[in-house]
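This report covers two chains, their overall make-up and a few local features. Please keep the structure in view while reading.

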Amino acid sequence: MKELTKTRRLTIASVIFVFILVIGFVTFRSPDFVYKLSTKATLEELTNPANIVSPVEAREMINGTKSGAVMIDLRNTYDYNKGTLFGAINIPVSDIMEKEVIEMFDDWQMQSKTVILFAEDQQAANAPWMILRQLGYSNMKVLSGGYAIAMDQYTNGIIDSTDYQYNGERPVMDFAGFIQKMSGGEVVKPNPGPAQIEPIKRKKKSVTAGGC
Amino acid sequence: MSKVYIIFASLLILVAFGLVLLPDTEHEDQIPPEALLKEIMNQSRFLSADLIAARIIDEDPSIMLVDVRTAEAYNSYSLPGAINIPLKETLDEEWQPYLNQRGVDVVFFSNGDLFADQAWILCSRLGYKNLYVMEGGLNQWFTQIMQPTVPPDTSPNEDFDLYSFRKAASIYFGGGAPAQSTQDIKGENIQIIRREKKTATAGGC
């Protein structure tokens, strides 16, 4: 009798154990969004000129011989209604990870359609582009300069398809020269003060994670 | 009875193998893409040049300026006290203690604000806190602070306060100063005078 209860307990325990594991598998939900690109790979993408499209190139890709690209206006709906480029589709930045939008992006990636993102300036389009690029959409590009500069180029007819420097990173003046001229002295070389570093102590991972 | 145990044991082994095959989605150090989207939509990461100038002048120890431009540009000119972490080296191991820390506000800047923002996004994905971007970068710094424009006479008092602050700051940072050695400029003889707020006599009824 004693032997019987003992085995029954063991059986019940193991049944429960297996049951819990099975439930775990069934209810396991993978996250909706996973980075497909590591931070290192993303950093390399940042310096890849193929990810930037100049306004003139964009016009070619929409209307010209290389047509077939899609324009996405990332500004808010109010600005979009006031005017946009080449019948762009309006997807405000807050909506880029909505289900329907992601389905659309997936379709375009399947058809290997080029998607050109733009906002008021390049910096505003860059952040959403970086997220989508990290999610694995390699067909996404950013319009160099953004809406304001593109409109200016199209209306004033400035054609400079080789210049990608609409991103505001070109220095407006010779900083060192300016300081030197104004102060009449030497330029103070940047001397980094003692930077206080207060490193974050990582939580020790539990030893059990290590295996044998 | 032993048959039952063998079945259970083999089941457990099977399930254990299943666990091994589970996708590796746990990135303890990284924030999920949804959270990153929320972060990028939050414009509070941008600090104005005026605010940063005031904090440098006050010798605020809780601010660390990070110049993300190339070493060449950094050596030619940079903001006082800034350290140089070129965008390409953002993820290098040696810089991580500087970027991933508490207690100090890390302010990225470049000529514009694109490259600084890119560095910001990369570090934010890694879950680093207290990161900021200097709005408009050095270009705005030089057009706003180093060459402040006099506001029109009809402007409110705040604009004149801001102008006099910028003028004083431009002297502090070396531009617009009379011919002096840089030592003097950095000395104590220059004081930024902030106007006391006048009492709102005009207000009451």
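Two residues are in contact when their C-beta atoms, placed from the backbone, lie within 7 Å. The model is predicted.

**A residue in strand β4 of chain B**

Start with F109(B). Leaving aside neighbours within four places in sequence, F109(B) is in contact with L65(B), D67(B), A116(B), M134(B), G137(B) and L138(B). F109(B) belongs to strand β4 of chain B, residues 105–109. Is F109(B) buried or exposed? F109(B) counts as buried, because 29 C-beta neighbours lie inside 10 Å, and 20 or more are enough for that class. V68(B) sits 41 residues away along the chain, yet its C-alpha atom is separated from that of F109(B) by 6.2 Å.

**The two chains**

Along the sequence, chain A reads α-α-β-α-β-α-β-α-β-α-β-α-α. Chain B reads α-α-β-α-β-α-β-α-β-α-β-α-α-α. In chain A, take contacts between residues at least 6 apart in sequence: 64% of them join residues at least 24 apart. In chain B, 63% of the contacts with a separation of 6 or more come from residues 24 or more positions apart.

Chain B is divided into two domains: domain 1 spans 33–142 and domain 2 spans 148–186. How far apart do the C-alpha centres of domain 1 and domain 2 of chain B lie? The separation of these centres is 24 Å.

**Helix α3 of chain A**

Now turn to chain A. Helix α3 (residues 55–62) packs against helix α7 (residues 147–156) at an angle of about 75°, and their axes are 9 Å apart. The angle therefore makes α3(A) roughly perpendicular to α7(A). From α3(A), the residues P55(A), V56(A) and A58(A) take part. They meet I149(A), A150(A), Q153(A) and Y154(A) of α7(A). The residues of this contact comprise 6 nonpolar, 1 polar and no charged.

Which residues of α3(A) are buried? They are P55(A), A58(A) and M61(A). Seen down the axis of α3(A), the buried residues fall within an arc of 115°, so they line one face of the helix. An α-helix has 3.6 residues a turn, so residues three or four places apart point the same way. The cover over the buried residues of α3(A) includes β1 (52–53), β4 (115–118), β5 (140–143) and α7 of chain A.

**Two loop residues with positive phi**

Most residues other than glycine have a negative phi. Two residues here depart from that pattern. S112(A) is not a glycine, but has a positive phi of about 45°. S112(A) lies in the loop between α5 (99–110) and β4 of chain A. S112(A) is exposed, because 9 other C-beta atoms lie within 10 Å, and 12 or fewer make a residue exposed.

In chain B, E59(B) has a positive phi of about 55° and is not a glycine either. The loop between α3 (49–57) and β2 (63–67) of chain B holds E59(B). With 9 other C-beta atoms within 10 Å, E59(B) is exposed.

Definitions and conventions. Residues are numbered from 1 along each chain as its sequence is written. Chains are lettered from A and ligands numbered from 1 in the order in which they are written. This is a predicted model: local features need pLDDT of at least 70, side-chain atom pairs count only at pLDDT 80 or more; totals for chains, interfaces and linings use all residues. Domain bounds come from an automatic or database domain assignment. Helices (H or I, at least four residues) and strands (E, at least two) are DSSP runs, numbered from the N terminus. Axes are lines fitted to C-alpha atoms, for helices over the stretch in contact, and angles run from 0 to 180 degrees between N-to-C directions. Angles under 35 degrees count as roughly parallel, over 145 as roughly antiparallel, 65 to 115 as roughly perpendicular and the rest as oblique. Ala, Val, Leu, Ile, Met, Phe, Trp, Tyr, Cys and Pro count as nonpolar, Asp, Glu, Lys and Arg as charged, and the others, Gly among them, as polar. The arc is that of the directions from the helix axis to the C-beta atoms.
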